Amino acid sequence: MTEPMIEIENLSISFGHGADRVDAVKTVSFSVAPGESYGLVGESGSGKSTILRALAGLNPFWSGHMAIAGQKLTGKRPRALRRLVQMVFQDPFGSLHPKHTVDRILSEPLAIHGFEDVETRVRAALERVGLGPSFRFRYPHQLSGGQRQRVAIARALILEPKVVLLDEPTSALDVSIQAEVLNLLTDLRQQLGLTYVLVSHDLGVVAHMCKRLSIMRTGDVVETATADDLSEGRLLHAYSRQLLIASRGYDTAAIAAFGDF
Amino acid sequence: MDKGPILEVDKLNIRFNTPVGEVHAVRDVSFSMGREKLAIVGESGSGKSQTGRAILGLTPGKVTADKLAFHGHSLLNLTPPQWREIRGKRIAMVMQDPKYSLNPVMTIGDQLLEAARGIKQGAEARQHALGMLASVRIRDPERVYRAWPHELSGGMGQRAMIAMMLMAEPELLIADEPTSALDVTVRLQVLAILDDLVKTRHMGLIFISHDLNLVRTFCDRVLVMYAGQVLERLTASELEQAKHPYTRGLLVCPPEIDHRRQRLPVLQRDPSWMEPVS
């Protein structure tokens, strides 16, 4: 077996102290192979985004073991390791600087990491996400939601990462635009051999993008399943089964049987 | 109870004056509805929310229509006192996100009482409010009555807001993406509450949504909007037999759990969909 690209063992994350302490993530473990796309599913407050932020280095208050590409993650990460892990956020209206042009948004990470030939890289990054050179000097407010999310993806890819963390990348988009962005993400993973961790509340999106996934609730992984388990209804935990039923649409009888978890 | 339509809309148009010229946001939308669940579906910018707002006179745009009538009474050119008799009392609206539409500096109870102002007073209004909170399946109405909006979860806040809209027992409820901000299981529970209310109180419900698959299982009839026009009208159960390529495109492009595809079909937008529908 090849060495995993992402390794997480007994990861715990808590916020606050004493009586106000919230255990957002409780001893979660999973590993993701190179080139794999792994899903984290759950409702709000389940801890799925908290895991992603810890992996990205945006939350230093965690305990347990995390490693990326064989390198153990510690408090201070070397710049080369930071470059390998990039993130695409949920809301393309909030994650792009409103006063920076697309060109500046894309060249800033290059400057930080000391890349050369910025111009060629910015052009190539735009082309890769299906935006022409005409988009280079536009501001975010001159772009549609789907175009903004493409810029956010281009920004994540411009540092040539190995791991891309996707936090609800399409939940703010219309379904027709969601299809375009998901297709783009699928193509990019194949072309560039990327490893994805995708966080979503939408079982359909996760089943489409990921072979394996963890279903989370209040900081625990209640079940780890495959996309085939979902389509064939092979789920063991009552909560995951409820989530699956809920994602199939409105059904009075099924809703009456919902439990509180 | 009268049998006629609750709401009749004929050739509704909404225009906005912008620095770059006039935007014709809603074009010749016509429909009529009774005590049923009518869905208006479309993508962002299709004009679905503006249509809902125009019914309550809440759009900042310029509204014109051949007919916009509630129980046969025209809603065009009403005076502010006339609007006050209708808004919130006979036609109510549920907004998308309880985080922004509840007043953060008033308790839920006070907001419920405010909604009943001029209808019920004092202890009677309080009892009515607690009853409404119970009817949207809030288990501890007393606690929620005393709570501030920030102390409630999204699902709880949305239920409180629905209770608020029902204080005056309206005949028509306009719900603009009432469940988009909620988790899937909570979303279905809130829908079940709306469904019950439509049945037990004989209300009409206009359900504005971008989610065709949800609408298919929840509503009775569907209007599909694109670029300000109604492109197609369907019975919800016959949505699968939709003829218009836009509706068909919307139906197939979300990823499905049971039917996984390597690539998702992408909507090919045809400029002719923008042309006036005859």
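Let me begin with how chain A is connected to itself: among its contacts between residues at least 6 apart in sequence, 67% join residues at least 24 apart. Please keep in mind throughout that this is a predicted model.

Staying with the overall picture of chain A, we have 10 helices and 10 strands, and the C-alpha trace spans about 55 × 40 × 40 Å along its principal axes. The radius of gyration is 19 Å, which agrees with the value near 18 Å that a compact globule of 261 residues would have. As for burial, 40% of the 261 residues of chain A count as buried.

Now to a piece of sheet in chain A, where I would like to follow strand β4, residues 62-68, through its pairings. On one side, β4(A) runs antiparallel to strand β1, residues 6-15 of chain A, and six bridges join the two; within this pairing, A:S12 of chain A has A:S63 in β4(A) as its bridge partner. The strand β4(A) is also joined, by two bridges and again in antiparallel fashion, to strand β5, residues 71-72 of chain A, with A:A67 standing opposite A:K72 in β5(A). What lies between β4(A) and β5(A) in their hairpin? There are two residues between them, and A:A69, in the turn, has a positive phi of about 50 degrees.

Turning to the interface between the chains, 29 residues of chain A are in contact with 30 residues of chain B. On the chain A side, the elements that give two or more residues are α6 (175-192), α7 (203-209), α8 (227-231), α9 (238-246) and α10 (252-256), and the largest share, seven residues, comes from α6(A). By class, that side of chain A divides into 13 nonpolar, 12 polar and four charged residues.

Finally, chain B, for which the domain assignment gives domain 1, made of 1-90 + 172-278, and domain 2, covering 98-169. The centres of these two domains of chain B, taken over C-alpha atoms, are separated by 26 Å. How many residues of domain 1 of chain B are in contact with domain 2 of chain B? The count is 12 residues of domain 1 in contact with 12 residues of domain 2, and on the domain 1 side the largest share, five residues, comes from helix α8 of chain B, residues 184-201.

Definitions and conventions: Residues numbered from 1 in each chain as written. Chains lettered and ligands numbered in written order. Predicted model: local features only at pLDDT ≥ 70, side-chain atom pairs only at ≥ 80, totals over all residues. Pairing = 2+ DSSP bridges. Helix = DSSP H or I, 4+ residues; strand = E, 2+ residues; numbered from the N terminus. Domains from an automatic or database assignment. Contact = placed C-beta atoms within 7 Å. Rg over C-alpha atoms; globule rule 2.2 N^0.38 Å. Buried ≥ 20, exposed ≤ 12 C-beta atoms within 10 Å, placed from the backbone. Nonpolar A, V, L, I, M, F, W, Y, C, P; charged D, E, K, R; others polar.
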